[in-house]
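Dear colleague,

My notes on its aromatic rings follow.

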Amino acid sequence: MKTYQFRFNNSSKTLTILIWFFTTLVTIALTGTILVIPSGSYFPTWLLLISLPLMLMAIYKLFKVASKRQSVEVITLSELGFTSSCFGAVLFSDISSIKIPAREISLLGGHKYDYYKQSEANIPNPVVSVTLDNGHILRWVLGEWGGLYNSKEDFSVFFAFLTALTDQMYQLYHSDEPPNTYLQILDENGSWEKKKQYKI
């Protein structure tokens with residue numbers, strides 16, 4: 001058994017984060033306006049006693065909700081499948097599709113880090129998803145060069161898991177061929193679907 005541990009963006013609470021983000025902007029603008037405009041002209045002074053605590057609370061809530069997007073994943077790989085601390089047990093035979101954004105990952109031929117530094121393009125946060133036969137989707141979001149929710153080392157561990165996962169899937173569906181390469185089961189776009197190619 002092989003174990004992989006990494007941090008990732010679980011992409012949860014997006015709506016809540018947006019609400020607190022805009023609330024923070026509004027309260028900062030209101031508090032700034034009250035401080036800049038002479039008191040009594042447009043806003044009574046006591047309004048500052050309300051807006052300042054509201055602004056501080058909004059900033060605190062924004063950071064608190066944003067921190068909940070980070071999860072620590074521990075995956076244990078076996079011969080039949082893997083067990084995820086975030087998603088539970090998964091058998092390789094229950095996986096119906098894998099989607100890896102190959103063009104966003106430099107290790108798979110995508111743009112290198114220098115490209116993003118020298119251009120105005122935003123550094124991507126690739127979304128990797130594994131769909132099961134029952135329709136359940138396992139989704140991990142990680143930045144290849146690190147970021148707010150994961151480090152570069154986390155991505156390296158995650159990529160090692162992806163390599164091991166796709167190697168196991170390749171052996172499951174190509175048992176008559178010797179195990180060989182790195183992510184070979186995927187097409188050039190980083191996708192694989194069981195229903196289109198294989199029957200079990």
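Ring pairs join Tyr4, Phe6, Phe8, Phe82, Phe87, Trp140, Phe155, Phe158, Phe159 and Phe161 into a cluster. Rings of Phe, Tyr and Trp (its six-membered ring) are paired if their centres lie within 6.5 Å, and planes under 30 degrees apart count as stacked, over 60 as edge-to-face and the rest as tilted; by this rule there are 14 aromatic pairs.

Please bear in mind that this is a predicted model, in which local features need pLDDT of at least 70 and side-chain atom pairs count only at pLDDT 80 or more, while totals for chains, interfaces and linings use all residues. Residues are numbered from 1 along each chain as its sequence is written, and side-chain values use heavy atoms, with hydrogens and water left out.

Because Phe87 lies in the loop between strand 3 (81-84) and strand 4 (88-91) and Trp140 in strand 7 (residues 137-141), the pair ties together parts 53 residues apart in sequence; strands are DSSP runs (E, at least two residues), numbered from the N terminus. Phe87 is partly exposed, with a relative accessible area of 25%, whereas Trp140, at 0% relative accessibility, is buried (buried means under 20% relative accessible area, exposed over 50%, partly exposed in between, with a 1.4 Å probe and protein chains only).

Finally, the charged end of Lys2 sits over the ring of Tyr4, 5.8 Å from its centre, a term that requires NZ of Lys or CZ of Arg within 6 Å of the ring centre and within 35 degrees of the ring normal.

Best regards

Terms used
Helix = DSSP H or I, 4+ residues; strand = E, 2+ residues; numbered from the N terminus.
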